[in-house]
There are 6 protein chains.
Amino acid sequence: MWFDLSPEKLRDYRPDREEPGDFDRFWLDTLAEARTHELAATFLPFDSLLATVDVFDVTFAGYAGDPVRGWFIVPRGLPDEPLPCVVSYIGYGGGRGKPHEHLFWSAAGYANFVMDTRGQGGRGYGGGGATGDPDPVGASANDGYMTRGIESPDTYYYRRVFTDAARAIEAARSHPRVDASRIVLAGGSQGGGITLAAAGLVPDVAAALPDVPFLCHFRRATTLVDQEPYNQIGNFLRSRRDLVETAYETLSYFDGMNFAARATAPALFSTALCDQICPPSTVFAAYNHYAGPKDIKVWHFNGHEGGGPYQAEAQLEFLAKSGLR
Amino acid sequence: MWFDLSPEKLRDYRPDREEPGDFDRFWLDTLAEARTHELAATFLPFDSLLATVDVFDVTFAGYAGDPVRGWFIVPRGLPDEPLPCVVSYIGYGGGRGKPHEHLFWSAAGYANFVMDTRGQGGRGYGGGGATGDPDPVGASANDGYMTRGIESPDTYYYRRVFTDAARAIEAARSHPRVDASRIVLAGGSQGGGITLAAAGLVPDVAAALPDVPFLCHFRRATTLVDQEPYNQIGNFLRSRRDLVETAYETLSYFDGMNFAARATAPALFSTALCDQICPPSTVFAAYNHYAGPKDIKVWHFNGHEGGGPYQAEAQLEFLAKSGLR
Amino acid sequence: MWFDLSPEKLRDYRPDREEPGDFDRFWLDTLAEARTHELAATFLPFDSLLATVDVFDVTFAGYAGDPVRGWFIVPRGLPDEPLPCVVSYIGYGGGRGKPHEHLFWSAAGYANFVMDTRGQGGRGYGGGGATGDPDPVGASANDGYMTRGIESPDTYYYRRVFTDAARAIEAARSHPRVDASRIVLAGGSQGGGITLAAAGLVPDVAAALPDVPFLCHFRRATTLVDQEPYNQIGNFLRSRRDLVETAYETLSYFDGMNFAARATAPALFSTALCDQICPPSTVFAAYNHYAGPKDIKVWHFNGHEGGGPYQAEAQLEFLAKSGLR
Amino acid sequence: MWFDLSPEKLRDYRPDREEPGDFDRFWLDTLAEARTHELAATFLPFDSLLATVDVFDVTFAGYAGDPVRGWFIVPRGLPDEPLPCVVSYIGYGGGRGKPHEHLFWSAAGYANFVMDTRGQGGRGYGGGGATGDPDPVGASANDGYMTRGIESPDTYYYRRVFTDAARAIEAARSHPRVDASRIVLAGGSQGGGITLAAAGLVPDVAAALPDVPFLCHFRRATTLVDQEPYNQIGNFLRSRRDLVETAYETLSYFDGMNFAARATAPALFSTALCDQICPPSTVFAAYNHYAGPKDIKVWHFNGHEGGGPYQAEAQLEFLAKSGLR
Amino acid sequence: MWFDLSPEKLRDYRPDREEPGDFDRFWLDTLAEARTHELAATFLPFDSLLATVDVFDVTFAGYAGDPVRGWFIVPRGLPDEPLPCVVSYIGYGGGRGKPHEHLFWSAAGYANFVMDTRGQGGRGYGGGGATGDPDPVGASANDGYMTRGIESPDTYYYRRVFTDAARAIEAARSHPRVDASRIVLAGGSQGGGITLAAAGLVPDVAAALPDVPFLCHFRRATTLVDQEPYNQIGNFLRSRRDLVETAYETLSYFDGMNFAARATAPALFSTALCDQICPPSTVFAAYNHYAGPKDIKVWHFNGHEGGGPYQAEAQLEFLAKSGLR
Amino acid sequence: MWFDLSPEKLRDYRPDREEPGDFDRFWLDTLAEARTHELAATFLPFDSLLATVDVFDVTFAGYAGDPVRGWFIVPRGLPDEPLPCVVSYIGYGGGRGKPHEHLFWSAAGYANFVMDTRGQGGRGYGGGGATGDPDPVGASANDGYMTRGIESPDTYYYRRVFTDAARAIEAARSHPRVDASRIVLAGGSQGGGITLAAAGLVPDVAAALPDVPFLCHFRRATTLVDQEPYNQIGNFLRSRRDLVETAYETLSYFDGMNFAARATAPALFSTALCDQICPPSTVFAAYNHYAGPKDIKVWHFNGHEGGGPYQAEAQLEFLAKSGLR
């Protein structure tokens, strides 16, 4: 069932961006602060029982120097030279889980750096998370992560996550098997939203693959659909009726549209016309503002699962065509 | 619809308690640590637009000295002498909201000290919360508060909340209009669970009114029902399959049954036979372990709303009969 | 989730009214007939266990002289002079319940006259009703009250209720503690719809506070949403396919838009953009036809709970600004 | 899905009956009072556009002499002599609708007298009702008919309906094409409950066909399932917590178990193991108390639709075997 | 609740048809192939226990000569001459069941030929089916019949069903009690869709009664609603993302709009404004392309049940007015 | 939420098997018939864009010689000698999809032979199916595959599937990179049920890994839960009330309990206590009858997802311990 704009209107849907005047300054300062902490990326060999990959248990310093976990997975049997590396981000509520939950990119011949999402990983799918989200404020919030600290961009949860995401790229690049000039950012849903943010914050990545991305065009998303996790914002504002505009102001620092307008790497997006979790108009809003070379796959009868294995195939082709493998 | 034990079996339902050997030590240490911070209870007059009560905006030092907010509401027009005071705790997800959300106890002639629940208050009902839950660990968790820090009793969320609850009684007693010998603890659902905890931790309160209490007999509750918020625990353990027993061990430090077995104040419980949020068997499990004089109202066709205005009436009668007003 | 007109379009949404030519005559005759019965308002002191209010159990003669029940609640401790009085009407399915379910207005310094809704009060929330709805016809109807007697305005259920509502104002004014020139009408949902009707039928009230009002713009409401209780009308017409226009003709005598066009008291409305029970366009339809001074609060992320404690606060400020206290 | 007792236990399920001491007196007086009104059965020829039946629009005096409507349908082309007649009662919320909704019994060679259910017929299925339920009390009730007047057997809705049902038999017998010694009572769900009541109240009927009967063993039904319409009772008692035992006392005058224990006509019951509307244990409770010759069809995978066309076939065979055609 | 175009826009809704160039050729060839098999219609007398009709168990050769079952029901007691005959088709998932499930048309004086739908009849309503759907390909499909063989018009399930439907008319006409010049096609939902197809394929039928017809304007239906059975198509295409256009191409050979444009018999359609199974715009799409004399009943508050007994009455009047009885 | 037997009772739950006397004969004959068709296994190299595996598009002759599709995936970079091979079967409604949906076993160092399930693969998850299910009978059935041909074991759908499964093992063994003595059978849900069947039919496999297996203890499963796909059986029998025992008789030839009693390979089962799709008691019924060495993982808070990545890890350990790698 289609519920959003028609496919024709989606193609041209390019709403005005709400962008605070100090957007760039905010992020420059935020990343600069994070970089005052040493990156301290460690890669501990991990016995995953797998035969075709080498797995490393990763820790690096993210926002505020907090330890962020991940996996680094390298295919065996390829020539011993630096590989293109996919830095992948995880969907809302998921955690890094077990290494064998992440076999696609290494099977395709890429090194794969999987970043855990702080605090998340306990939502009941996958193997769980391993990274804490220390929060010195802990403001009154809706259940879930979407409204943590939403009263100010300084305290908002995704400030920490997006900073981790930028630092994860630095951590990936620090490994000798990674070719720093061939970093690909990838992720679905929240992972797609983080991909956009990282592509906007880190200028020199080689490609971005935001798949059914979340965290785009909040003002429309929060009034168009009533599904987890966008609905956490509206649910919070059902109590805190006084904070509606404050919340949107905070969110304008984190909107995928604003990051898209700064990104320059070639990108392959996807969206699905029945996706009520990350509605297609919010994806096209980011897509149509995206400043780099771009393409988008539109799946006609899919919900939030999007193109699934078809999108994966398209991604391999896109990267091959882009000369990344 | 009844879904739990029959009314006859509920009366006798008194399961074994899982109680860690160092339960008392854990809580003694916890409260002692909290008391190293000055209570610093402040009562700022607040213009509530109301005519029959005086309202104060309260702050006091809770767990780790964190500032905890609340309301203090005193009926006008009564003789100028210390009043019995109801310290009331709030249901899951609610916040202290506006003073006029709390008019019952003052209308009945009691001073009323309403404690905000840290971090909560953004769930979409009521007027919202005002208290943060600083958390230096921020471990991977399910959405919601039930699994925050569940890997250890030291880091578990309710360690902080129950400590706040005990400190709230001290704050209430510090006000000159309160008769410290006539403290009544009250609350429904999570507020009922906190009431039990505080009644177990603070020996000299005058009465306890746990209404459809939450946070009792976790092992049964988590496998009997699949509703918010008990289900957050199971949902977390769906990812973290390795933590099932660890979680129950942590929860044994926070189970209402164990606090009930230590409480001595006269208590009026309630439970409802159709309550799938806080099932009647989990309430009777606590009730049948309660060590003080006690009574319980059983509502035959109610869900989690319980006795509602009928229970309120019964509470007034119970307190009157107990000589508290 | 928003599902109705955009906020911008709502502001200007003023559909044509369907108004029968004998609308005024119908209501003049109806009220005249009711007034052939003596009002016979009695106020029996009631022991509510409360300390800051005096409570009276009220009975007066409503439609056809039928006895209608209510509560009259007066704050203690105020100067002994006539008070402004809020006549309040109840949401669909609720009953007058217990006096302590109605503490807000007296706490704010108003006398409060609570009218029970005939036949209702058994829907499972609150403390229940106490007033019968004698019906000499008892026509075939859908479950619920919305289609009782809908085949003619003469037999329609709300003819009886709105008549009761007008008589309730007379009953309130008959009490010596009430200042008859300062009558405020208030209610949420069905109570808001009755408020509009009473404000249209009783010209000299001092203010009206229709909160998320029901019973407005039936033709749109019944085709726009499928929720209780508006959906009772469509469900009835699913059987009685022959009565569609007959039903709308009956409803045109009871539509809040038509009462609004006759009301002159200053009014504070509210509506909520996610309210699928009383959709915002049906509220604005009445608001934009309202003939007196008016304002409206629009709650962006609320459903039928509307502004809740925020709206209550706004109402106190509105009445204060209007010089009513 | 099975949710009730196992098939083996159902066979023997014969709970104690709650029967008031004046049960027989209550009904004798009730029927005697009804018979003080002339039956006044009229049969107006009705143009149904049908070719194989004659249809009559029926009115007769039911409870309190209120006019009750129905259809009388006689197959054409059979020998011109009195026919066995099926008096049929309608499921909850349905009305007599159009004659062509009732073609089964006449096609099978029976005269068919269809009784409308007072007040009902507006629930959205079928063609609607035509009979009012005048109610001089109109007590506060839940939406729907199950709790109307439930505070006393004298005012309870089904007192009026069951009286109508007994009078309907008299009306059927008054028609010259009906063989008064071959009256068959039939109906599904509420129609089955009325069948049981009429079979208990009218001693000399020739057969009874209670199909998935409603209105049996209220105490179990109201606590075992949460579906319309049994749940109306619990929903009412959720507000009126004080009336639980009063309601059951009233219902004991209307329980199918008590009528079953008085019935003597040969009966074919049915029940379905997945029926959550009229659970199988409540049907077997009546069946096992039924005092006449009896059989029951148990449908293993059906819900409230029961045996449908298979049950209809079984009924024809049962009546043929009983020598009724 | 209305969810589709407004009633005004529906009246004029006449979208372009997607019609393959070889549509007529495809069907000519298909029917020609079927007619290479002998029709072999047999009518075995069947003991239905009914008194006013004669029932025959029918078999005839459908698509590929496969045996297709049905009932032939003739009213008794009418003059012994050929009757007008209603050939009726069944809703999705139903089967021919028992003869007494089909009493309307014979009661109205028509012979009635009921065609079983191959493969269907096991969906849990009615008495079940009796006809197999031999399928030598058995391609990967969604559960249900809507996507069987959808990769090509040659293998698509409804090619077989529509061919059966045309052959059923021939079988009906082969019976001596049938007046071949007075064939009426009728059916609701899928039966309505088959009615349209047969009316387009068989030029000389006397009337068509497509009631809330299914299988019209697939492209809109599959993106407008998400209900069974239209949603089977989208669900299949959620996996087979590569087949979206292939599927629509296949469906263009089976779209009710294209058959409507070829039909010439007088037709009475129906649609219901709340019907989310066969949305009104898809019905009007076919209606507005219908090439014969036509009328349509629009039911304002009904869902897929449509006009029910009111539509049946309208159908009798329509046929009488058309001189068919 | 737990809904089935307690964990303690599950351990001992070993219900009697319903086993037809000619069970072994039926399957011997069935497999013998299939083997009259040449296996004709072909392995076409397939360009999957993957770097660490070789992929082959497989076809072999299954039941009745029908072509069955699959993937054969071999890890690159391992010593060039025969590998242990996991033959894996797919969950209900899924298809073989794309090769990169099957990366786990090859990453762990096994050859992996993935068998497509005939007719399935269009349920909307994964990449779709590629194998037809030719069916010369096509009997009336419920939507879905569970009731196809259920009137006889000869025509039942799973006769064809289980035969395919046995032939798939032969096809796998025919490839030179496979060590025929180290065949492991694996699959979840329906794949687990097929695993059990194949383990019972093919005596010399080296291990079996039935994960949350479906198709076990039909009599309990069909009455205990009401979820897809077990509920298709009850839904069919809701129409075909006459076929209840016939269906169970057919199913007794396909029950995992009966295959388990014949299997001898070491097996690692899994079940989840909240799994309402394949309830734990039905899994333990098979487990406790399993005739080979065995172990079972019980997941306390999982539904049908079972142990997910934890189970995968346990499977690797189990196989390693069994000396298979």
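I took a cavity as a set of points, on a 1 Å grid over the protein atoms alone, where a 1.4 Å probe fits but cannot get out. Its volume is the space filled by probe spheres set on the points, with points joined across faces, edges and corners.

The model is predicted: local features need pLDDT of at least 70, side-chain atom pairs count only at pLDDT 80 or more, and totals for chains, interfaces and linings use all residues. Residues are numbered from 1 along each chain as its sequence is written, chains are lettered from A in the order written, and side-chain values use heavy atoms, without hydrogens and water.

**Cavities.** I counted eight cavities of 30 Å³ or more. The largest cavity holds about 150 Å³. It is lined by 17 residues (an atom within 4 Å of a point). Closest to its centre I found C:Asp133, C:Asp135, C:Arg148, D:Asp135 and D:Arg148.

I checked burial next (buried is under 20% relative accessible area, exposed over 50%, partly exposed in between; 1.4 Å probe, protein chains only). A:Ser189 is buried at 13%. A:Asp275 is buried at 0%.

Then I listed contacts (heavy atoms within 4.5 Å), leaving aside neighbours within four places in sequence. A:Ser189 contacts A:His304 and A:Val212, among others. A:Asp275 has contacts including A:His304, A:Val212 and A:Phe3.

Conventions. 1 Å grid on protein atoms, 1.4 Å probe; cavity = no way out; pocket = protein on both sides within 12 Å on 5 of 7 lines; lining within 4 Å.
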